[in-house]
Amino acid sequence: DTEAVKAYQKAASVFMNENNLTDLEETVHRLDTLDKKSVKTKAIKAKYYFASGEEEKALPVIRELTAGNTKDSALWYLSGLLKRNSRDLSGSSADFEKALDLEPDYPMYLFRLSENRLDEGNTAESLSLIDKALAGDKENGWFWNQKARCFMAENNLEEALELLKEAEERLPDEFSVWENKGEIYRRMGQWDSMADIFNPLSPAARRAALLNPGKAFNFCGNMYTKDGKYALALEFYQKAVDAEKENPVFLINKASADIEEGNLSEADALLGKAYEIKHSPEIYNLLGTLAEIKGEYPRAEVAFRQGLEEFPDEPDLLYSLVQHYYGLGKFEKADALLSALNKKEKSKRVQEITDAVQEKTSRIISCSRCGRKWAVPFYIPPQGRISLQAEPPDEMPAGRCPVCGKTFCIGCGKENLGNDGRFKCPDCNENLRLMDEGLIYTLNKWIEEQNLEKE
């Protein structure tokens, strides 16, 4: 049996390298029978599931093996990809870093981390990483495309165009490479150059556009939408819909432009058709937005809430519902959703709506040293005693000075600890106390969240 297992594991490695999923499936089945519990077999299964598109099966196996601090760099890489797909960018980057710790110069790992760094706004590190990837593999067109994206992020458009030539040479029919070129022409205001590439009706249209006419028309619509040219966008979106009548993305994009142009009945019909084809967060969001414009506020709330029931991890829908309640003056309802929204998304828009809602529903307590803020309701019941079973994080309140009245967070309080380990006011040297019900409320809320996570 041991020899058979080794032979099957070796065969699995060969089939994986050849992308021979048919024979790999049979090999995985045999290994599952002979050697189900071994780490190596589990790793092979995880890779097979991922390669065959069964990510929901791959995920628990990958989680188990990475939790065990696997030395298989490919598993950390796959974990990073899955986290990126679920919008966990920081978790994804951490996994790609683990993969690179195990194989520091592997070009694909460098490329993926470069993508994440660019999305995180760290263009300098992204560029450094993709240069290292190119040093290991100059023939990968996606690496050249990524480097061009780095230059686009810095608005170095001429340099980006030159880099895209390298990508185009290696990936002549890849639509996304040409999309970057179209975006550059849009930013330069060279609309004719963009149209020449993407309009399938143009004599100069690239093969990538001719192979994907609906996608090409849709891209032109997207470019005009970015510049607020909705009437022109509608012309191209209509051509996209005509090319692929059952494509929900094209229907949604046209509906969105129709809303901007005031064609509300047309938008409603398009969204209804898209909804019948495939439900998506975007459809629910637009249905809610459309209902708001029409003054049908109960219908808007239903759309946002129904969308969240079907897509509970979608931050756009939760943000829209918070905005909806805020706009109607239902501040308490909006406030009840802020904690979940801030966990799902860290962004300027979320911070702005959070501040706006809390201004209506809460009073703000802030750390006198670093300015960290805690929002507590205007009216809260007596909080009683606190029962801490774990050390709160630095962003929680340490207490208030009974002499000067200043409040400090735990992070700042650690800078002035007494011999007994208690937090002291840096100005008065008095022990900090939880004198405000709002401070106790904040800590109790944190304790409740920890207990829920354990459950």
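Leaving aside neighbours within four places in sequence, which residues is Met194 in contact with?

## Nonpolar cores

In this predicted model, Met194 is in contact with Gly182, Tyr185, Phe219, Cys220, Met223 and Tyr224, once neighbours within four places in sequence are set aside. Met194 also belongs to the largest nonpolar core, which has 83 residues. Within that core, Ile62, Tyr77, Ile184, Met194 and Phe198 touch the most other members.

A second core is separate and has 18 residues. Ala291, Leu308, Ala334 and Ile353 are among them.

## Aromatic pairs

The whole structure holds 14 aromatic pairs. One of these joins Tyr106 and Tyr109. Their centres lie 4.5 Å apart, with 55 degrees between the planes, and the pair is tilted. Tyr106 is at 38% relative accessibility, so it counts as partly exposed. Tyr109 is at 4% and therefore counts as buried.

Phe175 and Phe219 make another pair. Here the ring centres are 6.3 Å apart and the planes stand at 90 degrees, so the pair is edge-to-face. Phe175 lies in helix H11 (residues 175-188) and Phe219 in helix H14 (residues 213-226), so this pair ties together parts that are 44 residues apart in sequence. Both Phe175 and Phe219 are buried.

## Aromatic cluster

Tyr106 and Tyr109 also belong to one aromatic cluster with Tyr77 and Phe96. Tyr77 is one of the core residues that touch the most other members.

## Charges over rings

Lys239 places its charged end over the ring of Phe236, 5.6 Å from the ring's centre. Arg349 lies over the face of Tyr319, at 4.1 Å from the ring centre.

Definitions and conventions:
Residues numbered from 1 in each chain as written. Predicted model: local features only at pLDDT ≥ 70, side-chain atom pairs only at ≥ 80, totals over all residues. Heavy atoms only, no water. Core = buried A, V, L, I, M, F, W, Y, C linked by side-chain atoms within 4.5 Å. Buried < 20%, exposed > 50% of the residue type's maximum accessible area, 1.4 Å probe, protein only. Contact = heavy atoms within 4.5 Å. Phe/Tyr/Trp six-rings, centres within 6.5 Å; stacked < 30°, edge-to-face > 60°. Helix = DSSP H or I, 4+ residues; strand = E, 2+ residues; numbered from the N terminus. Lys NZ or Arg CZ within 6 Å of the ring centre and 35° of its normal.
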